[in-house]
Amino acid sequence: MSINKNFPTNTANSNFALSTASAVLALALTGTMTVQAQETAVEPLTAAKAPADLILKNGQVKTPAGWSQAIAIKNGVILKVGTTEELKPYQGSKTRVIDLHGETVLPGFFDSHVHPLYGGLVQKQCRVAQGLNLDQALEKIRQCTDAVKSGEWVIGGQWDASALGTVPNRTILDKVSGNHPVLLDDTSGHSSWANSKALELAGITNATPNPTGGIIERDAAGVATGVLREAAIEVVRSHVPAPSQNDVKAALTWSLNTMLSYGITSFTEAAVGFPAGPDLELNMYDQLADAGVLKQRVRLCMTWDQNSELSNKVIAARNLYARNLVAPDCVKIFLDGVPTDGHTAAMLHPYETAMEGRDDDASRLGMLMVKQDVLSAAVTKFDAMGLAVKFHSAGDAAVRAGLNAIEAARKANGYSGKLHDIGHSTLVDKEDLDRARLIGATFEVSPYLWSPSPINNDITHAVGNDRADRAWPIKEMLDAHALVVAGSDWAVIPSVNPWIGVESLVTREEPGGSANSFGKKEAISLEEAIELFTANSARDRGMGNVVGRIEVGMLADLIVLNQNPFQVPVNQIHNTLVNLTLIDGKVAFDRNEKVKNTKPVSIRNRF
Ligand SMILES: [Zn+2]
């Protein structure tokens with residue numbers, strides 16, 4: 001049936017709004033129409049009478065109600081989902097029709113934790129690939145130092161201690177780095193390796209005290225080794241020349257395009273201010289949004305640091321940077337580090353192994369960077385301001401501290417309308433699983449890190465097999481009815497491709513399959529994995545009514561895939577390619593045409 005026939009076609013008609021409202025009310029009161037009303041819900045609108053702007057036909061369209069074939073889109077809104085035949089009435093002379101030839105359509109993906117600017121900048125830095133042994137790493141670093149002018153900084157990453165096969169020390173780097181200061185991040189980004197020149201430029205001597213929230217590693221004789229943990233990294237990094245405006249623009253543009261090519265239509269920038277400073281970064285997001293280069297729906301999480309007045313100023317100024325697609329409505333708070341050899345994640349129970357030369361509380365239990373009372377007060381304040389809070393919480397003590405703070409905020413403020421994210425959620429105590437649902441907290445997990453990898457070997461070594469078996473306990477989270485979303489944490493991991501994460505969620509093995517697995521009993525179904533990236537993420541962002549599902553009335557943020565992930569062997573999911581990315585019904589990426597961002601879109605060879 002069509003219920004739009006009784007409505008005036010002229011939207012200027014003053015009765016229109018009233019009539020529409022009456023019809024909606026009438027529908028609501030007619031209980032028997034519920035199912036059909038959902039199917040035809042937008043038909044009363046006059047816009048629906050005009051032809052669709054775009055029709056995708058002959059595809060495999062995944063909807064919450066099952067598989068369908070075709071989608072009609074008008075003004076960025078999904079008018080109708082059905083068979084190709086059913087959508088014919090929506091085709092007018094100006095309607096673009098894309099024949100999908102059986103390709104698969106899913107909702108656009110969210111990346112709920114990503115560092116796009118960092119991801120772009122590291123492409124031009126010294127890439128010490130994960131898994132290199134010491135000789136290979138040193139050869140690479142030698143090449144990097146040879147490639148820059150005398151005395152220039154060499155920065156990059158991402159070494160991992162277990163692959164190096166030795167405890168990093170500045171003297172090792174000194175042998176290959178000449179007069180260049182060198183600072184190299186590890187795979188986690190929470191430890192760095194500096195040479196003597198870098199320590200010297202940063203003014204770090206053996207007598208320098210550890211900064212708040214950081215550790216300058218020292219050997220048994222008290223000599224700084226060049227290994228820096230957490231806030232201590234900043235002491236050195238602050239001496240590295242900041243990237244130029246042009247560098248930042250090029251890097252962010254590249255990352256935005258790269259993410260579109262992987263089907264990421266919405267993302268959360270997880271730490272504004274890193275690595276180029278908040279002013280330059282916020283301005284660049286705006287510049288690219290104003291120029292139409294930025295096409296995704298973006299949440300910006302501004303890093304709050306209890307010791308930084310600047311971070312409070314940035315948060316206060318947030319709405320100066322707001323744009324249609326750019327929401328600076330989130331605060332990031334780092335609560336700990338990572339549960340690897342550096343023991344920087346805050347744990348409820350001691351690490352399995354002792355740290356060489358260390359016998360202090362921080363080496364046994366890690367570090368909580370913000371005291372609970374300070375944290376709860378801060379989260380209560382941000383929550384009252386209507387902001388979302390995203391924590392970096394890897395250890396189970398940091399997860400608990402974040403949950404405690406959210407609970408304090410809810411007690412003080414009631415429900416603010418914003419969900420808060422426990423970011424990473426690497427280790428979660430069983431007793432905390434139920435709390436998330438009850439207090440409006442979301443578990444944000446990092447599936448790209450889940451397969452067997454050097455960092456996960458480090459985690460297993462540091463926390464022992466029992467806790468490692470429950471790392472990222474997503475099955476338990478879903479069983480507890482918690483809201484769970486996925487974030488890449490790129491460029492902490494090498495690729496922002498979400499299909500690697502999707503496969504890892506299902507297999508907990510290396511992409512392509514492997515004899516080893518990591519946290520196998522926490523594996524979830526493909527259906528659930530895709531929900532993490534779509535509907536769940538939309539709900540977490542407060543956008544569950546507009547994106548994340550392919551339904552009538554939703555905005556057309558869609559991706560077209562070269563293969564149906566539900567129809568290929570599970571260890572092939574990581575090979576899924578995105579052929580077309582639509583945002584608001586407009587083509588933002590087309591693999592066939594290699595569409596560049598700002599050019600007018602042509603999709604003629606798909607007609
Ligand atoms: Zn991160």
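**Exercise 1.** Does Phe518 count as buried or exposed, and at what relative accessibility?

*Solution.* This is a predicted model, in which local features need pLDDT of at least 70 and side-chain atom pairs count only at pLDDT 80 or more, while totals for chains, interfaces and linings use all residues. Residues are numbered from 1 along each chain as its sequence is written, and side-chain values use heavy atoms, with hydrogens and water left out. Buried means under 20% relative accessible area, exposed over 50%, and partly exposed in between (1.4 Å probe, protein chains only). Phe518 has 6% relative accessibility, so Phe518 counts as buried.

**Exercise 2.** Classify the aromatic pair that Phe267 and Tyr285 form, and locate both residues.

*Solution.* Rings of Phe, Tyr and Trp (its six-membered ring) pair if their centres lie within 6.5 Å, and planes under 30 degrees apart count as stacked, over 60 as edge-to-face and the rest as tilted. A search of the whole structure finds nine aromatic pairs. In one of them, Phe267 and Tyr285 are 6.5 Å apart centre to centre with 45 degrees between the planes, and the pair is tilted. Phe267 belongs to strand S15 (residues 264-272) and Tyr285 to helix H10 (residues 278-290), 18 residues apart; helices (H or I, at least four residues) and strands (E, at least two) are DSSP runs, numbered from the N terminus. Phe267 is buried at 0% relative accessibility, and Tyr285 is buried at 1%.

**Exercise 3.** Classify the pair of Trp472 and Phe518.

*Solution.* The ring centres of Trp472 and Phe518 lie 6.4 Å apart and their planes stand at 65 degrees, so this pair is edge-to-face. Trp472, at 2% relative accessibility, counts as buried.
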